Amino acid sequence: MKQKLTARNLAFLGALGAVIVLWSATRTWITVDVASGTVQIPQIVVDGASAAAATTALSIAVLAGSLALLIAGKISRYIIAAICLLAGIAIIAAGAATLADPQAAASTAVSTATGLAQNAAQYSVSAWPAVAVAGGALIAVQSVLVLVFARSWAVKADKYSRSAGKTALEPKDASSWNISSWEQLSDGEDPTADRR
């Protein structure tokens with residue numbers, strides 16, 4: 001089981017959750033049938049991006065974080081996981097709020113369409129907010145798994161680290177001194193300081 005919880009697999013899991021939330025945000029979450037008086041008002045359709053505007057931005061942030069997880073260092077993994085966990089919780093809260101109170105979620109769209117702050121209407125909620133909640137839960141699970149298993153992942157060698165550069169500057173024999181001296185000069189060091 002531990003072999004399957006690699007950075008690549010968990011990055012894929014987070015990206016999958018983010019794509020599910022993004023897809024659900026483009027679908028119809030709420031349909032509103034306004035009680036008609038003298039003026040006939042067509043049915044108002046509210047998509048996920050309008051009902052819960054934060055879900056789109058949060059899912060894009062999770063998608064970027066999941067991709068960054070593939071190249072992140074030890075500390076960065078935990079930061080990415082914490083941000084993705086908060087984003088997953090916020091997505092779950094936004095979807096649950098839409099399911100619990102569709103009138104509040106659709107209020108902006110209804111007031112824009114009718115010109116009234118409050119209007120008698122019938123609200124129908126689709127299954128897409130629940131899909132967004134499921135995607136947010138997948139993101140939260142991925143984040144917790146990263147927090148638990150990130151310490152067991154191998155750290156990629158950094159070819160630009162100082163220790164790698166210092167070992168390369170050590171000459172093996174006298175014929176290598178000239179090349180090594182140029183490298184030390186490039187680094188802003190005095191090559192004659194070691195020979196005194």
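Contact here means that heavy atoms lie within 4.5 Å. Helices (H or I, at least four residues) and strands (E, at least two) are DSSP runs, numbered from the N terminus. The model is predicted, so local features need pLDDT of at least 70 and side-chain atom pairs count only at pLDDT 80 or more, while totals for chains, interfaces and linings use all residues. Residues are numbered from 1 along each chain as its sequence is written, and side-chain values use heavy atoms, with hydrogens and water left out.

The chain contains nine helices and three strands. Read from the N terminus, the order of its elements is α-β-β-α-α-α-α-α-β-α-α-α. Of the 196 residues in the chain, 30% are buried (under 20% relative accessible area, with exposed over 50% and partly exposed in between; 1.4 Å probe, protein chains only). Among contacts with a separation of 6 or more, 72% join residues 24 or more positions apart.

Helix α1 covers residues 7-25. The expected span of a helix is 1.5 Å times one less than its number of residues. For the 19 residues of α1 this gives 27 Å, which agrees with the 27 Å between its end C-alpha atoms. The buried residues of α1 are Ala7, Leu10, Ala11, Gly14, Ala15, Gly17, Ala18, Val21, Ser24 and Ala25. They are covered by elements including β1 (28-34), β2 (44-47), α2 (48-51), α3, α4 and α7.

Two helix pairs were examined by their axes, which are lines fitted to C-alpha atoms, for helices over the stretch in contact; angles run from 0 to 180 degrees between N-to-C directions. The axes of α1 and α7 (residues 128-149) come within 8 Å and cross at roughly 160°. Helix α1 is therefore roughly antiparallel to α7 (angles over 145 degrees; under 35 counts as roughly parallel, 65 to 115 as roughly perpendicular and the rest as oblique). Their crossing is left-handed, meaning that the near helix is turned anticlockwise from the far one by less than a right angle, whereas clockwise would be right-handed. Residues of α1 in this contact include Leu10, Leu13, Ile20 and Trp23, and those of α7 include Trp128, Ile139 and Gln142. By class, the contact of α1 with α7 has 15 nonpolar, six polar and no charged residues. Ala, Val, Leu, Ile, Met, Phe, Trp, Tyr, Cys and Pro count as nonpolar, Asp, Glu, Lys and Arg as charged, and the others, Gly among them, as polar.

In the second pair, α3 (residues 54-68) packs against α4 (residues 74-100) at an angle of about 155°, with the axes 9 Å apart. This makes α3 roughly antiparallel to α4. The crossing of α3 past α4 is left-handed. Thr55, Leu58, Ser59, Val62, Gly65 and Ala68 in α3 meet Ile80, Cys84, Ala87, Ala90, Ile91 and Ala94 in α4.

Isoleucine 80 lies in helix α4 and counts as buried because its relative accessibility is 15%. Leaving out residues up to four places away in sequence, isoleucine 80 touches Gly65, Ala68, Leu69 and Ala72. Its C-alpha atom is 9.5 Å from that of alanine 64, 16 residues away in sequence.

Alanine 49 belongs to helix α2 and, at 33% relative accessibility, counts as partly exposed. Beyond its neighbours within four places in sequence, alanine 49 is in contact with Ala25 and Thr56. Alanine 49 and leucine 22 are 27 residues apart in sequence, with 8.8 Å from C-alpha to C-alpha.
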